[in-house]
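Trainee: I would like to learn how to read an interface and a helix in a model. Can we work through one together?

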Amino acid sequence: MHSRARTTTLSAAAACLALALTACGSGGPENAGVDGETGTEDVTLSVGTFNEFGYEELFTEYEELNPNVTIEHKKAATSNEARDNLTTRLAAGSGLSDIEGIEMDWLPELLEYSDQFADLSDPAVEGRWLDWKTAAATTEDGQLIGYGTDAGPQAVCYRADLFEKAGLPSDRESVATMLDGSWQDYFEAGKEFVVASDGVAWFDSAGATYQGMINQVENAYEDSDGTVIATENADVKDIYEQVLQASVEDGLSAHLTQWEDDWVASFQSDAFATKLCPGWMLGVIEGNAEGVEGWDIADVFPGGGGNWGGSYLTIPTQGAHQAEAKKLAEWLTAPEQQIKAFESKGTFPSQVDALKSETLLGQSNAFFNDAPTGEILANRATAIDVRPFKGPKYFPINDAMQQALTRVDVDKTDDPASSWEKFVTAVGAL
Amino acid sequence: MAVTDRVQSPLPDTKQRAFRDKSVKRLAFSQKVSKWDVKLSPYLYISPFFLLFAVTGLFPLLYTAWVSLHSWNLIGGQGEFTALENYEFVLAQPFFWNAVGNTFSIFLLSSIPQVVLAIAIAAVLDANLRARTFWRMGVLVPFVVAPVAVGLIFNNLFADQAGLFNELLTGLGLDPVRWHSDPLASHTAIATMVNFRWTGYNALIFLAAMQAVPRDVYEAATIDGAGRLRQFFSVTVPMLRPTIIFVVITATIGGLQIFDEARVFDQAGLGGADRQWQTLTMYIWELGWGQRNFGRASAVAWLLFLIIVIIALANFLITRRIATQGGRR
């Protein structure tokens with residue numbers, strides 16, 4: 001009896017160990033990569049997305065068009081959750097979906113591991129997207145790791161009622177003319193505004209404004225070979241000083257940090273009059289400023305164009321059905337489909353042809369004084385001409401910079417010079 | 001029985017010897033088995049725990065040590081062997097020492113008031129109350145709320161400009177507290193969240209211990225003329241000593257690993273623009289998942305482990321002293 005019990009325990013332990021070993025040691029299934037045959041076998045494709053890609057109805061449509069394909073949608077609530085999932089499973093070498101949605105911001109770190117993603121470059125999709133959109137997802141040796149979905153071209157949102165009160169022109173054409181030009185012009189208009197505004201600031205946050213400016217610099221923090229130049233780059237220091245001069249000395253900032261509770265609450269209290277806004281920010285403003293009247297959007301962005309956010313669909317090489325996955329990703333990101341996603345969830349398309357679509361150009365937004373937002377954002381998307389280089393250390397450096405700005409603008413624990421010193425130390429510790 | 005039988009066996013000498021040898025061998029084996037049974041079985045019975053611990057506790061611990069000796073990327077995996085370079089680097093970082101300071105500050109600000117409050121609440125609950133179960137379950141409610149949810153609620157209260165606390169302060173004509181820029185204020189705010197969650201839980205543990213205090217001790221104290229307060233300090237608290245030690249040790253381990261409340265204290269989750277409230281676990285997170293440097297993150301994890309071991313040893317020594325003091329009485 002005893003000896004039998006013992007054998008059972010031992011063999012159970014052995015089984016556990018064996019299980020653990022096989023689980024660790026199992027490799028990916030054999031497959032022919034993205035160039036294999038499609039349309040013959042019955043396959044189930046899993047697609048990982050987050051927030052709202054607007055694909056639910058498109059999946060049903062695709063399943064009807066391709067009876068051999070069943071789509072399993074794995075939707076994460078937030079992009080952070082999706083990012084943790086992606087990096088963990090990339091590291092583990094298994095468990096990813098056949099198609100993984102990624103955010104533009106993750107590209108610098110993912111491009112380093114481009115061998116984990118299928119090369120999606122294909123003559124059939126050449127010229128489908130705006131140049132900067134494709135360029136951001138292409139490695140140095142020409143591998144395209146993702147098909148663009150949506151984009152975040154930025155315009156300037158403003159409070160027409162507060163502009164009027166301060167004696168500034170308030171209709172969107174005049175505002176666009178007034179703000180057109182460099183960032184200095186934008187700040188000058190701000191100085192004029194705050195003198196007459198009775199305590200209302202010009203923009204919400206130094207950090208957000210800085211982000212708009214730095215995204216127009218080609219090599220801000222790193223040379224294209226990855227050498228860190230953030231602390232010696234005169235452009236970076238110059239932008240840093242300009243923003244802080246405007247925010248603190250000239251009093252243009254409402255001294256808020258984006259996404260914090262105070263920032264969210266400030267939309268209800270007339271804290272600031274302008275805000276840099278990508279397409280997806282319109283919904284955020286509308287939500288936070290519920291009941292506030294006077295928001296409008298001008299077809300202008302200081303210093304040229306600017307993009308903030310947007311996503312891609314990638315195909316991890318660990319997947320078993322890469323050819324079918326590529327076919328689906330290509331279909332989903334075609335202009336016709338992306339327009340449907342735009343209609344469904346308002347994701348602004350990054351495809352050249354989609355920007356010319358009647359549906360898109362005809363769209364207006366009641367909350368922003370019936371502004372033709374589709375047309376404005378399409379103009380803003382084509383105005384983008386700089387492709388900022390974001391290397392592997394872009395994010396930690398940018399985080400350190402945002403903290404440096406927050407210390408001076410929001411916390412007021414440092415002056416610009418001492419906060420810059422701390423930034424230099426933080427970058428040195430990477 | 002069998003042995004005596006065999007002695008009187010009528011078999012010839014040689015055969016008998018051979019038979020006996022065999023039988024003795026068999027006997028010896030079964031004896032051995034039962035000896036093993038006595039010696040080994042207890043270990044086998046507790047082995048599931050230790051096997052599980054080896055897989056989920058010891059292995060990660062040792063593997064982390066292995067990782068900390070290499071340059072190691074979150075996605076790229078193992079790199080070169082670098083010996084103690086990661087440790088040297090981390091120990092030279094002001095952010096590391098800042099995180100150590102923050103961790104201890106938040107730990108002290110949460111543990112001390114927590115234990116004191118929990119004992120006080122337990123003492124009140126120990127009194128004769130109407131609807132006793134209701135009150136007792138009531139103090140446990142905050143514990144059921146997820147830490148991140150607690151974080152969201154308290155963030156709203158502690159917001160610098162629009163928060164309830166600062167609105168109240170400015171309403172009273174006082175200066176608002178800079179919850180997100182002053183280090184001590186931020187530690188207090190985070191400690192408040194921790195205390196909100198854990199005080200009730202600890203109060204119930206203290207309550208259970210209080211009910212185990214023999215009632216005749218109180219009667220004797222009453223006869224001696226001790227008031228309620230005197231009884232509390234001279235009878236209840238000394239009798240609770242082992243429980244207090246238990247609560248302090250668990251609070252230490254939990255307190256030094258504090259993460260959730262501090263991480264959700266702002267949206268960036270890095271512990272403030274000047275790292276005002278970055279704790280050690282948040283620093284591990286920043287190194288491992290922000291900078292993807294698992295080597296350095298593992299080095300900090302091991303340093304945190306060593307700190308906890310040192311504190312636990314100190315706890316142990318203090319405990320032993322208190323225990324012997326208790327024994328001398």
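Trainee: How many residues of chain B are in contact with chain A?

Mentor: Two residues are in contact if their C-beta atoms, placed from the backbone, lie within 7 Å. Here 28 residues of chain B are in contact with 25 residues of chain A. This is a predicted model: local features need pLDDT of at least 70, side-chain atom pairs count only at pLDDT 80 or more, and totals for chains, interfaces and linings use all residues. Residues are numbered from 1 along each chain as its sequence is written, with chains lettered from A and ligands numbered from 1 in the order written.

Trainee: Which elements of chain B give two or more residues to that side?

Mentor: Helices (DSSP runs of H or I, at least four residues) are numbered from the N terminus. The elements are H2 (13-68) and H7 of chain B. H2(B) gives the most, with 6 residues.

Trainee: Which residues of H7(B) are buried?

Mentor: Buried means 20 or more other C-beta atoms within 10 Å of the residue's own, exposed 12 or fewer, partly exposed in between; C-beta atoms are placed from the backbone. In H7(B), Val150(B), Phe154(B), Asn155(B) and Phe158(B) are buried. They lie on the same side of H7(B) because they cover an arc of only 135° around the axis, taken from the directions from the helix axis to the C-beta atoms.

Trainee: What does the face turned away carry?

Mentor: Exposed residues: Val148(B), Ala149(B), Leu152(B) and Ile153(B).

Trainee: What covers the buried residues of H7(B)?

Mentor: The cover includes H11 (261-266) of chain A. From chain B, it includes H8 (164-171), H9 (183-211) and H13 (260-263).
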